[in-house]
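Here are my notes for you on this one. Have a look at the picture first, then read on.

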Amino acid sequence: MGVNGLVPARFLTLVSHLIITIVIFMNLDENVTACLPLDHTSADYDFNTNLLMVGLILTLVFLGIEFVCFLSGISMFMPIQCLISTFAHAGASIALSYFIVDVWKCYNYYYVFAICSAFPVFTELVVVVGAMVFRV
Amino acid sequence: MAAATVRKAVTSFTDVVFPGSSNYHGLNTPQLSRSGNEYVSNLPLQMALYFNAFYFPFWLVTAIIMLAAKYHALSNVYQIICISILIVMTLIEAIRLYVGFLGNLKEQVPELAGFWMLTVLLQAPLILFLLFNEATVILPLERAVHGIQTAFVLFEVFSGYFAIRHMVNYQVTKFHLKQFQQLEPLYGQDDLQFYPVSPSPEPHLKRI
C-alpha cells in the first residue's frame, strides 16, 4: 500500500469527533436551552435534554467500539474501512461544530448520528465479522 | 563529555528502578526462550508514541487558542504559570517523543529510560496539573484535549515500564550467553564445567 497516511488520518478524525462530542456533553443544558425558543415549557426542556443525551451517549459508545476495533488492529490496515471512517468522522466533526455555533435543533443531531456514527460502526462490524468468521 | 555523563546517570537510574539489570541471574530457561526473539521493541508503546506524535500539534494549537481566549480571566500568577507550562511542555514533548522513538526502534535502553524519566517526572505532573487545577479556568474543550493527552501519557508510563524491563532482561541474557560463546574455542566442550562464582566478566573455570 505504500506510505499509509490513512492510519493517522483515521485516528485524528476519530479523536476530533470524540472531543466535540465530549464538549457538547459537558455543556448539555446550555446547548438545549440555546436550541429552544425563549418561551419553552419545562416538559419541552426535559424532552429535548433526554433526546440529546441519548444521542450523545450512543455516539460515545459507538466511538468506543470503533476505537477498540481500530487500535486492536482488526481494521487498521484495511483501506476501505479507513476511508469510510475518516470521511464520516470528519463530516461529523464539521457538522457538530455547526451544531454548536449555529444552534441547530436537537433532533437534527440524529441526522449527524446516523450518517457519521452509526454507518461506520456498521461497516466496522461487518469487517470484524468477516475477519473472524471467514478467516479464522 | 556531557553526553557520557548523561548516559551514566540514566544507566544508574535504570539500575535503581529495574533492579537486577547489572546482576548475574544465571541461565533461567524462561529467559533463554524469550531471548530467542528477533526484536525487543514494544509494539503498544510504539503505537502510543506514533499516534501521540500526530496528536501533539493539534493539542498545542488548541491549548494556545484556549489560553488566548481565557487570558483576561486568569489571575496574574496563573497567567505566567500557564504560559510557562505551555512552553515547557512543548519543548519536553518534542524531545521526549524523539528519544522514545529512538530508544524503542533501535532497542537502546538509555534512550528509552530517558524517555520514561521525562514522561514520569515532567509530562505526567504537568498534564495532570492542566487537567485538574480549577484555578486555571478549565474550559470544556480544554478538558477534552487535555484528557486525551493524559490518556496518552499514562499509557506511555505503563507500557514504557514493561518495555524497559523486557529490553533490559533480554540484553542481560544476551550478554551472559555471549560470555560463554567467547570462551568455547579456547577450551573445547567435553570434560569442562563452568562455575561462575562472581559477577565479573571472567567466570572462574574448573577442570574436573
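The points below go from one chain, to the contact between two chains, to a record entry.

1. First, keep in mind what you're looking at: this is a predicted model. Everything I say about its shape is computed from that model.

2. Let's start with chain B on its own. Chain B has six helices and two strands, and along the sequence they come in the pattern α-α-α-α-α-α-β-β. Chain B has 208 residues, and 39% of them count as buried.

3. How do the parts of chain B meet each other? If you take contacts in chain B between residues at least 6 apart in sequence, 72% of them join residues at least 24 apart.

4. Now pick out one residue: Glu93(B), which sits in helix α4 (residues 76-105) of chain B. Is Glu93(B) buried or exposed? With a relative accessible area of 0%, Glu93(B) counts as buried, because the cut-off for that is under 20%. Leaving aside residues up to four places away in sequence, Glu93(B) touches Asn52(B), Phe56(B), Gln123(B) and Gln149(B).

5. Next, the place where chains B and A meet. Chain A brings 14 residues to the contact and chain B brings 13. About 1100 Å² is buried between the two chains, and carbon and sulfur atoms give 92% of that area. On the chain B side, Phe51(B), Pro140(B) and Ile148(B) lose the most area to chain A, together 41% of what that side buries.

6. Which elements of chain B does that side come from? Those giving two or more residues are α3 (43-70) and α6 (140-187) of chain B. The biggest giver is α6(B), with seven residues. Sort the residues of this side by type and you get twelve nonpolar, no polar and one charged.

7. Last, a record to set beside chain A. An unreviewed UniProt entry lists residues 7-28, 48-70, 82-101 and 107-134 of chain A under "transmembrane region". In the model, residues 82-101 of chain A are 100% helix and 0% strand, with end C-alpha atoms 28 Å apart. Residues 107-134 of chain A are 93% helix and 0% strand, and there the end C-alpha atoms lie 39 Å apart.

Key. Residues are numbered from 1 along each chain as its sequence is written. Chains are lettered from A and ligands numbered from 1 in the order in which they are written. This is a predicted model: local features need pLDDT of at least 70, side-chain atom pairs count only at pLDDT 80 or more; totals for chains, interfaces and linings use all residues. Side-chain values use heavy atoms; hydrogens and water are left out. Contact means heavy atoms within 4.5 Å. Buried area is the accessible area (1.4 Å probe) that two parts lose on being put together, summed over both. Helices (H or I, at least four residues) and strands (E, at least two) are DSSP runs, numbered from the N terminus. Ala, Val, Leu, Ile, Met, Phe, Trp, Tyr, Cys and Pro count as nonpolar, Asp, Glu, Lys and Arg as charged, and the others, Gly among them, as polar. Buried means under 20% relative accessible area, exposed over 50%, partly exposed in between (1.4 Å probe, protein chains only). UniProt positions are given in the numbering used here, feature names are shortened, and annotations may be inferred rather than shown by experiment.
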